[in-house]
Amino acid sequence: MTYKCSEYKLIEKKAIASGIFSFTILCPEVAELSECGQFVHILVKGCTLRRPISICEVDREKGTIRIVFEIRGSGTDKLAGMNVGDDIDMIAPLGKGFSVKELPEGKRVIVVGGGIGVPPMLETAKAHKKAAAVLGFRDYSRVILTEDFKKNGIDTIVCTDDGSVGNKGTIAEPLRAELAKGDVEAVFACGPKPMLAAVISAAKEYGVFCEVSLEERMGCGVGACVGCVARINRNGEEKLLRVCKDGPVFNAEEVIL
């Protein structure tokens with residue numbers, strides 16, 4: 001795993017929903033190395049542990065990456081208080097990202113995101129020549145990045161629990177409807193565990209390759225502290241693997257939720 005550790009300039013900051021922020025960071029050496037599904041580890045002033053945040057987009061020509069995060073505690077609250085021009089102490093890119101599939105003629109991939117699991121699915125969809133997105137949110141106030149998916153030519157299906165935007169309910173039925181069309185080469189997903197369980201079940205039912213990104217609390221972010229383990233069944237043997245280094249992306253067939 002090759003990564004960089006330095007301070008990088010925050011060049012754009014936007015509030016895109018209540019308590020959810022988009023940062024664009026100038027970091028050419030990180031952008032050059034970054035792959036879809038990887039993450040950054042940010043040290044916020046006044047905090048002991050770094051905060052892991054998924055990479056949302058990569059622009060190698062401009063030398064930037066974009067991260068989108070939600071305020072979930074004191075660390076991310078302080079991070080949200082940073083301003084354009086500030087330096088961000090960051091280790092990146094970290095972890096094992098999603099596979100980029102060579103698509104046969106007439107095939108496509110589906111990315112599935114739930115809540116704050118949506119951001120890494122944008123770059124994942126962009127990495128494939130043909131993709132659709134199924135995105136789930138609690139309600140209209142939590143909907144993020146849907147226009148970003150659409151402007152990149154990605155067919156986008158939005159679901160909300162209360163039906164305030166798009167389909168009412170979870171991503172499960174829309175995903176199955178897309179899989180039933182028979183032209184899906186792979187499914188990639190990130191989100192809460194109940195959503196991942198539904199994605200894994202649907203992909204298995206239709207015999208489609210699937211990878212999921214897991215979330216666990218992290219200490220070091222580079223595999224040294226072994227504080228972010230997940231239960232994985234690999235080659236018939238149950239193992240505890242590090243989400244930060246062996247993941248966060250795993251083959252869905254191996255994941256024990």
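In the predicted model, V199 touches V112, I171, L175, V187, A189 and C210, leaving aside residues up to four places away in sequence; contact here means heavy atoms within 4.5 Å. V199 is among the residues with the most contacts inside the largest nonpolar core, as are I110, V112, I171, L175, V187 and V212. This core has 34 residues. A nonpolar core is defined as a set of buried Ala, Val, Leu, Ile, Met, Phe, Trp, Tyr and Cys residues joined through side-chain atoms within 4.5 Å, where buried means under 20% relative accessible area, exposed over 50%, and partly exposed in between (1.4 Å probe, protein chains only). At least two residues of the core are supplied by each of β6 (87–94), β7 (108–114), β8 (131–137), α5 (172–179), β11 (184–190), α6 (193–205), β12 (209–213) and β13. Helix α6 gives the largest share, 6 residues. Another core, of 27 residues, lies apart from it and includes I20, L122, A125 and L135. In soluble globular proteins, nonpolar side chains tend to be buried together.

Residues are numbered from 1 along each chain as its sequence is written, and side-chain values use heavy atoms, with hydrogens and water left out. Because the model is predicted, local features need pLDDT of at least 70 and side-chain atom pairs count only at pLDDT 80 or more, whereas totals for chains, interfaces and linings use all residues.

The secondary structure comprises 6 helices and 15 strands, taken as DSSP runs (helices H or I, at least four residues; strands E, at least two) and numbered from the N terminus. The radius of gyration is 17 Å, close to the 18 Å that the globule rule gives for 257 residues, so the protein is as compact as a globular protein of that length. This radius is taken over C-alpha atoms, and the globule rule is 2.2 Å times the number of residues to the power 0.38. The C-alpha trace spans about 50 × 45 × 35 Å along its principal axes. Of the 257 residues, 50% are buried. Among contacts with a separation of 6 or more, 62% are between residues 24 or more positions apart.

In α5, 6 of the 8 residues are buried, namely A172, P174, L175, R176, E178 and L179. These residues pack against β7, β8, β9 (155–160), β10 (167–168), β11 and α6. In α3 (residues 119–126), 7 of the 8 residues are buried: P119, P120, M121, L122, E123, T124 and A125. Their cover includes β4 (51–59), β5 (64–70), β7, β8, α4 (146–151) and β11.

H41 is placed in strand β3 (residues 39–43) and counts as buried at 0% relative accessibility. Beyond residues up to four places away in sequence, H41 touches R50, R51, P52, D89, M90, I91, L94, M218, G219, C220 and G221.

Several backbone features were also found. Most residues other than glycine have a negative phi, and most peptide bonds are trans. A cis peptide bond with omega of about -10° joins A92 and P93, and P93 is in strand β6. The bond from G247 to P248 is also cis, with omega near 10°. P248 is in the loop between β14 and β15 (249–251) and is buried at 5% relative accessibility. The C-alpha atoms of P248 and S213, 35 residues apart along the chain, are separated by 5.1 Å. With residues up to four places away in sequence excluded, P248 touches G37, F39, G95, K96, V212, S213, L214 and V243.

L145, not a glycine, has a positive phi of about 70°. This residue lies in the loop between β8 and α4 and is buried, with a relative accessible area of 6%. N235, likewise not a glycine, has a positive phi of about 55°. N235 is in the loop between β13 and β14 and is exposed, with a relative accessible area of 78%. G236 lies in the loop between β13 (229–234) and β14 (237–242) and is exposed at 72%. Its C-alpha atom is separated by 9.1 Å from that of E254, 18 residues apart along the chain.
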